[in-house]
Amino acid sequence: QINQWKNLSHAMARFPKYFDDADIATIQSGESSGNVESILSMLWAEYNYLMVLKNKFIGALTYPAILMTVSLGAIIALFVFVLPAIFDIATQLDSSKIPRLTLKLKAFSDFLIAHGMWLLWLIWFGLFALFVFASTQSGQKILYSTLYNLPIVGKMVQSYYLVRFARYSKILLGSGMNYRDVFKMLSNVISIPIFTPLFEKIITWLERGQSIYDSIQYETMLIPSTVSALIKVGEKTASLDATFDTIISIYSEELDSYINNLSKMIEPIMLVIVGSVIVLIALWVFWVIMSIMDSVGI
């Protein structure tokens, strides 16, 4: 395409599998302003940053995920392979000597053995249905609204999208776009339902001659007051590029801190929960064994 004297953005548009509309439009704007090289450099830095962030997040969750999987597998194996043999001996005793909790454990064990496969299929179907619902617009709105309201995860999600918002705003402004076109493009880059009304509001207010700050000052769930104040200063001093650099610096550090602390917070919580379950099961099983020993006179 380029050898046929086509623009880079035109050539990239022929391959939608590899290049999305936001990147193509950004490069097209850079071609118009004559700074394609700097735009490509900024896009490379953005995708590199996202890859590093993704690897950090995966690394933070790897150990907790392994711990949860192994613990869940151990508990299921205990109910399916170990406890049934003990319960078979316990049923030979007087049922009045067996605690109700132990009888409930036996019932749960019998249920897993009899309906384990159906339960796995039901869980798989439920997860698939949840995934399908989460891919719809209403599902994504509920999902992200829930994430934003969670105590710790909400701050991490907010920081992530603030960093993306600031980084892409800087790239798009650097490509020569005006404010209105920048926020039209941001609605494609950050394409989650809870941000769409915000970008539409900003575009509408800009068309009326209002400032960006006027349209975002009360949207504190998505844009904190500190960020709004920085943008206000950036608009008044015509230095939004520097403002977005400041926002990126502040919230990148916060995001790194949240990700680094995520696994540290999850691990002890999971250990306490899993350990408590295993200890309770062990105590109930030990009580059954003691009852069996008492009944045979040991």
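Leaving aside neighbours within four places in sequence, Ser 29 is in contact with Ser 175, Gly 176 and Met 177, where contact means heavy atoms within 4.5 Å. Ser 29 lies in helix 2, residues 21-33; helices here are DSSP runs of H or I with at least four residues, strands are runs of E with at least two, and both are numbered from the N terminus. At 15% relative accessibility, Ser 29 counts as buried. On that scale, buried means under 20% relative accessible area, exposed means over 50%, and partly exposed is in between, with a 1.4 Å probe and protein chains only.

Before I continue, a word on provenance. This is a predicted model, in which local features need pLDDT of at least 70 and side-chain atom pairs count only at pLDDT 80 or more, while totals for chains, interfaces and linings use all residues. Residues are numbered from 1 along each chain as its sequence is written, and side-chain values use heavy atoms, with hydrogens and water left out.

I turn now to helix packing. Two packed helices are described by the angle between their axes and the distance between the axes. The axes are lines fitted to C-alpha atoms, for helices over the stretch in contact, and the angles run from 0 to 180 degrees between N-to-C directions.

The axes of helix 5, residues 137-149, and helix 6 come within 5 Å and cross at roughly 115°. That makes helix 5 roughly perpendicular to helix 6; the classes are roughly parallel under 35 degrees, roughly antiparallel over 145, roughly perpendicular from 65 to 115, and oblique for the rest. Helix 5 contributes Tyr 144, Leu 147 and Tyr 148 to the contact, and helix 6 contributes Val 153, Gly 154, Val 157, Gln 158 and Tyr 161. By class, the contact of helix 5 with helix 6 has six nonpolar residues, two polar and no charged. In this scheme Ala, Val, Leu, Ile, Met, Phe, Trp, Tyr, Cys and Pro count as nonpolar, Asp, Glu, Lys and Arg as charged, and the others, Gly among them, as polar.

How do helix 7 and helix 8 pack? Helix 7, residues 179-189, and helix 8, residues 196-207, pack at an angle of about 165°, with their axes 9 Å apart. The two helices are therefore roughly antiparallel to each other. On the helix 7 side the contact is made by Tyr 179, Arg 180, Phe 183, Lys 184, Leu 186 and Ser 187, and on the helix 8 side by Phe 199, Ile 202, Ile 203, Leu 206 and Glu 207. Seven nonpolar, one polar and three charged residues make up the contact of helix 7 with helix 8.

Helix 8 also holds Thr 204, which counts as partly exposed at 33% relative accessibility. Thr 204 and Ser 215 are eleven residues apart in sequence, and their C-alpha atoms are 8.9 Å apart in space.

My next topic is the aromatic rings. Rings of Phe, Tyr and Trp, the last by its six-membered ring, pair if their centres lie within 6.5 Å; planes under 30 degrees apart count as stacked, over 60 as edge-to-face and the rest as tilted. By this rule the count comes to ten aromatic pairs. The rings of Tyr 160 and Tyr 161 have centres 4.9 Å apart and planes at 75°, so this pair is edge-to-face. Tyr 160 is partly exposed at 24% relative accessible area, whereas Tyr 161 counts as buried at 9%. The rings of Phe 165 and Phe 183 have centres 6.3 Å apart and planes at 35°, so that pair is tilted. The pair links distant parts of the chain, with Phe 165 in helix 6, residues 153-174, and Phe 183 in helix 7, 18 residues apart. Both Phe 165 and Phe 183 are buried. Ring pairs link Tyr 144, Tyr 160, Tyr 161, Phe 165, Phe 183, Phe 195, Phe 199 and Phe 244 into a cluster.

Next, Val 227, which lies in helix 10, residues 225-236. Is Val 227 buried or exposed? Val 227 is buried, with a relative accessible area of 0%. Not counting residues up to four places away in sequence, Val 227 touches Leu 162, Ile 247 and Tyr 251.

I close with the backbone. Most residues other than glycine have a negative phi. Trp 5, in the segment before helix 1 (8-13), has a positive phi near 65°. Ala 238, in the loop between helix 10 and helix 11 (240-295), has a positive phi near 55°. Trp 5 counts as exposed at 80% relative accessibility, and Ala 238 counts as exposed at 71%.
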